Amino acid sequence: MEPSTSRASTGQRLLWILDRNRGADGALNCPTLCRVTGELDVAALGSALTALTARHESLRTTFTGRGPLLTQLINPPRPVEPVVVDLRAAADPAAALRRALAGELATRIDPTRWPVRVTVWRTGDEAWLICINAHHLVTDAWSCAVLFRELWQLYEGGTPEPVVCQYRDFADWQREREGGGMARHAAYWRAKLAGARPPVLPAAADGDGPPAGGSATVAADIPEDVVRRLRALGRQERTTLFTVMLALFYATLYRITGQADLTVSSVFANRVRPEHGQVVGFLANLVLLRTTVPGEDFAELLRRTHGTVRDAFIHQELPYHLLPLDPQRGAGRPDDLVFQMLAEPAERRRVPGAWVEAYVPDGVATRFRAEFALVPRQQGIQVLLFHAGLAPDVAAALTTGYADIAAEVAARVGGPGYGVEGQPTAARPS
């Protein structure tokens, strides 16, 4: 049976260009990782993967052409047989797994051949790691959560809800919206971004940064008790933890750069219609978040950030390439610095003979100049900065400075006000 065809979406065309320029090190891989403790029925896993691929066209979509002629080739379903690698005989199975996983995530997926690779590593009699490694052209972070949930429903012999919308349907709807339905979003962004420019962060001197074409990773940790108090702050201010953490990021950038008018990028799910909620594909969109920092008054900064996030959520549909940007302002690109907060880890799920949970690796490649990522753990949040050439002291200040400000703000939650550097602020009117 010949594949059916569909025009690539706007986002896919942009990713295709990135894949040609920055995809060699796996920066456009988007894996779904599952840690299994107990007995794993590999045959049942293969059957579940086969059914999952039959349900979601994106998992069997390859690409041909380029530019405006980039085309999705939606291939007919076929059996999925995961590659199983037994590491139990290794001197250190855990270390062998880390090396194998790093190698898999750093190896490019060729979307002209097949968009997904599945590997299962076994490190003990009851210890397994499953990697569904997909090209970003056919998935995103939200899709990974869909795949995780449905995979294990199918593994148990269950039947997920019927698929009511495929990715090609989303792409068609988006093209129709670009014909005129985006006008109000464009008007909002034109006003919001007038005169905006990204933060100016010093680059590394020659020899101080990662090798040409490479990236470096800097990490810090926010303890569980600090995260708990920041959640309470979000509830107190009727906002989300994402907004609180973004406000902390603005405060950190303000201390480092002295720049009060700050614009950073973030990736939103862009699933504004109910039927898009369970679509597997690249729906995510890059949005620009602009806020002015009111000095060291964190309470006011949080309120401003809440407005920024709320409005960006309302207007997130406008594709990134259509944003009304002024390329003459500032030296950097708007997507040079990206703020990301990963979803909360899925709860452990019981399947026949085993427990399964989503797994987030410690380090992944990035397609941005600097990506500031918050990774929720069972105890606290890990701060990760992936960058390609920031000055080492700036990279350290971003991560450790962020964790320090988080602790400062958390220590004041519940008082009459909360600020940074020991400066109390006025209580918010009720």
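Visitor: How does arginine 255 count by its relative accessibility?

Guide: Burial is read from relative accessible area, taken with a 1.4 Å probe and protein chains only: under 20% is buried, over 50% is exposed, and in between is partly exposed. At 32% relative accessibility, arginine 255 counts as partly exposed. This is a predicted model, in which local features need pLDDT of at least 70, side-chain atom pairs count only at pLDDT 80 or more, and totals for chains, interfaces and linings use all residues. Residues are numbered from 1 along each chain as its sequence is written, and side-chain values use heavy atoms, with hydrogens and water left out.

Visitor: With which residue does arginine 255 form a salt bridge?

Guide: A salt bridge is a side-chain nitrogen of Lys or Arg within 4 Å of a carboxyl oxygen of Asp or Glu. The partner of arginine 255 is glutamate 296, and their closest N and O atoms are 3.9 Å apart. Arginine 255 belongs to helix α8 (residues 241–257) and glutamate 296 to the loop between β10 and α9 (298–314), so the pair ties together parts that are 41 residues apart in sequence. The element names come from DSSP runs, numbered from the N terminus: helices are H or I of at least four residues, and strands are E of at least two.

Visitor: How many salt bridges does a search of the whole structure find?

Guide: The search finds 18 salt bridges. In one of them, the side chains of arginine 35 and glutamate 357 meet at 3.9 Å, N to O. Arginine 35 is in strand β2 (residues 29–38) and glutamate 357 in strand β13 (residues 354–358), so this pair links distant parts of the chain, 322 residues apart. Arginine 35 is partly exposed at 33% relative accessibility, while glutamate 357 is buried at 19%.

Visitor: How far apart are the closest N and O atoms of arginine 271 and aspartate 140?

Guide: In that salt bridge the distance is 3.1 Å. Arginine 271 lies in the loop between β9 (261–268) and β10, and aspartate 140 in the loop between β7 (127–135) and α4 (141–155), so parts 131 residues apart in sequence are tied together. Arginine 271 is buried, with a relative accessible area of 14%, and aspartate 140 is buried as well, with 1%. Elsewhere, Asp86, Arg88 and Asp125 are linked in a network of salt bridges.

Visitor: How many aromatic pairs does the structure hold?

Guide: Rings of Phe, Tyr and Trp (its six-membered ring) pair if their centres lie within 6.5 Å; planes under 30 degrees apart count as stacked, over 60 as edge-to-face and the rest as tilted. The structure holds 12 aromatic pairs. Tryptophan 152 and tyrosine 155 have ring centres 5.0 Å apart and planes at 70 degrees, so their pair is edge-to-face. Both residues are in helix α4, three residues apart, and are thus separated by about one helical turn. Tryptophan 152 is buried at 0% relative accessibility, and tyrosine 155 is buried at 10%.

A tilted pair is formed by phenylalanine 249 and phenylalanine 372, with 4.5 Å centre to centre and 35 degrees between the planes. Phenylalanine 249 lies in helix α8 and phenylalanine 372 in strand β14 (residues 370–376), so this pair ties together parts that are 123 residues apart in sequence. Both of these phenylalanines are buried. They also belong to one aromatic cluster with Phe242, Phe268, Phe339 and Tyr402.

Visitor: Over which ring does the charged end of arginine 78 sit?

Guide: A charge sits over a ring if NZ of Lys or CZ of Arg is within 6 Å of the ring centre and within 35 degrees of the ring normal. The charged end of arginine 78 sits over the ring of tryptophan 114, 3.5 Å from its centre.

Visitor: Which residues lie nearest the centre of the second largest pocket?

Guide: Rolling a probe the size of a water molecule over the atoms shows where empty space is left. On a 1 Å grid over the protein atoms alone, a pocket is an open set of points where a 1.4 Å probe fits, with protein on both sides within 12 Å along at least five of seven lines; lining residues have an atom within 4 Å of a point. The second largest pocket is lined by 27 residues, and Gly11, Leu14, Leu18, Leu286 and Tyr320 lie nearest its centre. Two or more lining residues come from each of α1 (10–22), α5 (167–178) and β10 (285–292), and α1 gives the most, with seven residues.
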